[in-house]
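This report examines a pocket and a helix. Please consult the structure shown here before reading on.

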Amino acid sequence: MYTYLMRLEKKVTLFCVTEQVNHRLSFLPWFDKMRHQFPAKVDLAISFDCGAYKRLGVEVSVPLINIDHHKSNEYYGSVNVIDTSAISTTQVLFDAFVKNDIKINPKMATSLYAGLLDDSHGFLAPKTDARSFKMAARLTELKADIRHCATALFHENSLAALRLKGVMFEKMTLLLDARVVVHRVTRKIMDHCGAHEVDCEAALEESMGLPHVELALMLRENRDGNIKGSLRSIGDHDVEKIASVFGGGGHQHAAGFDVEGESLDVVYEKTLAIIKEEM
């Protein structure tokens with residue numbers, strides 16, 4: 001979208017409130033243009049892949065176009081472009097570009113493909129279908145850098161991230177006849193490894209490959225004391241329903257939530273009780 005708006009000779013700010021953006025995404029076109037301060041003067045805002053207004057991290061007083069694919073989206077935009085059947089928000093955007101005959105250049109193709117690859121977990125997610133592969137094939141024809149996307153998203157690691165993964169696997173617990181795996185990541189663990197918060201996700205995803213595991217939970221203690229919860233599942237288990245209890249959201253098989261003002265132990269006990277009921 002940034003590329004397209006630049007082609008229209010619009011003045012565009014690429015904004016993300018998170019200052020420590022996942023380093024794996026630095027290969028994306030225009031990554032160095034990202035700003036963490038919302039511009040003082042703006043005519044229009046466009047949000048992507050953001051299911052709730054509060055997750056924007058900023059108050060928006062101008063017209064807002066909300067582009068997303070989450071079932072839990074709150075439809076908070078002045079205009080809402082929501083397709084819950086899409087496997088990624090980039091699929092929603094790709095369809096819009098194709099429908100309106102907007103030329104997709106190699107930079108756009110690479111970014112669109114990266115979103116597709118990441119949200120489909122390397123085309124392993126349950127929602128992966130023929131539509132996913134048709135989009136991938138078309139973006140490949142449009143010169144998306146598919147190899148760079150795969151390498152950056154799934155194979156590049158920092159030393160700190162690898163250390164953290166080792167500690168998480170060492171301390172993880174298996175519950176309910178090994179059908180549930182739980183990771184509890186304290187601030188002390190994070191500081192000891194020197195890892196970033198986004199580095200926790202890799203161990204969570206990999207633990208879903210254990211025999212008999214149907215649901216995975218990670219609780220992480222943030223630097224501000226809040227607790228971040230991430231959930232993954234296979235089969236009929238709906239983790240979006242679990243996350244919604246804490247005001248979170250996502251998808252049936254991948255969801256998350258944030259809890260303020262409660263300890264890691266308290267959130268653990270509450271979440272585990274809900275998981276036991278779900279299982």
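The lining of the second largest pocket divides into 14 nonpolar residues, 1 polar residue and no charged residues; Ala, Val, Leu, Ile, Met, Phe, Trp, Tyr, Cys and Pro count as nonpolar, Asp, Glu, Lys and Arg as charged, and the others, Gly among them, as polar. The model is predicted: local features need pLDDT of at least 70, side-chain atom pairs count only at pLDDT 80 or more, and totals for chains, interfaces and linings use all residues. Residues are numbered from 1 along each chain as its sequence is written, and side-chain values use heavy atoms, without hydrogens and water.

Of the 15 lining residues, Met1, Ile65, Ile67, Leu93 and Ala96 lie nearest the centre of this pocket. Its volume is about 220 Å³. Helix 2 gives the most to the lining, with 4 residues. The elements in the table each supply at least two lining residues.

| Element | Residues |
|---|---|
| Helix 1 | 2-7 |
| Strand 4 | 64-68 |
| Strand 5 | 79-82 |
| Helix 2 | 89-99 |

Helix 10 (residues 264-278) has 15 residues and reaches 21 Å from its first C-alpha to its last, close to the 21 Å expected at 1.5 Å a residue. Leu264, Val267, Tyr268, Thr271, Leu272, Ile275 and Glu278 of helix 10 are buried (under 20% relative accessible area, 1.4 Å probe, protein chains only). These residues lie on the same side of helix 10 because they cover an arc of only 130° around the axis. On the other side of helix 10, Glu269 and Glu277 are exposed (over 50%).

Conventions:
The expected span of a helix is 1.5 Å times one less than its number of residues. The arc is that of the directions from the helix axis to the C-beta atoms. On a 1 Å grid over the protein atoms alone, a cavity is a set of points where a 1.4 Å probe fits but cannot get out, and a pocket is an open set with protein on both sides within 12 Å along at least five of seven lines; lining residues have an atom within 4 Å of a point. Grid points are joined across faces, edges and corners, and a volume is the space filled by probe spheres set on the points.
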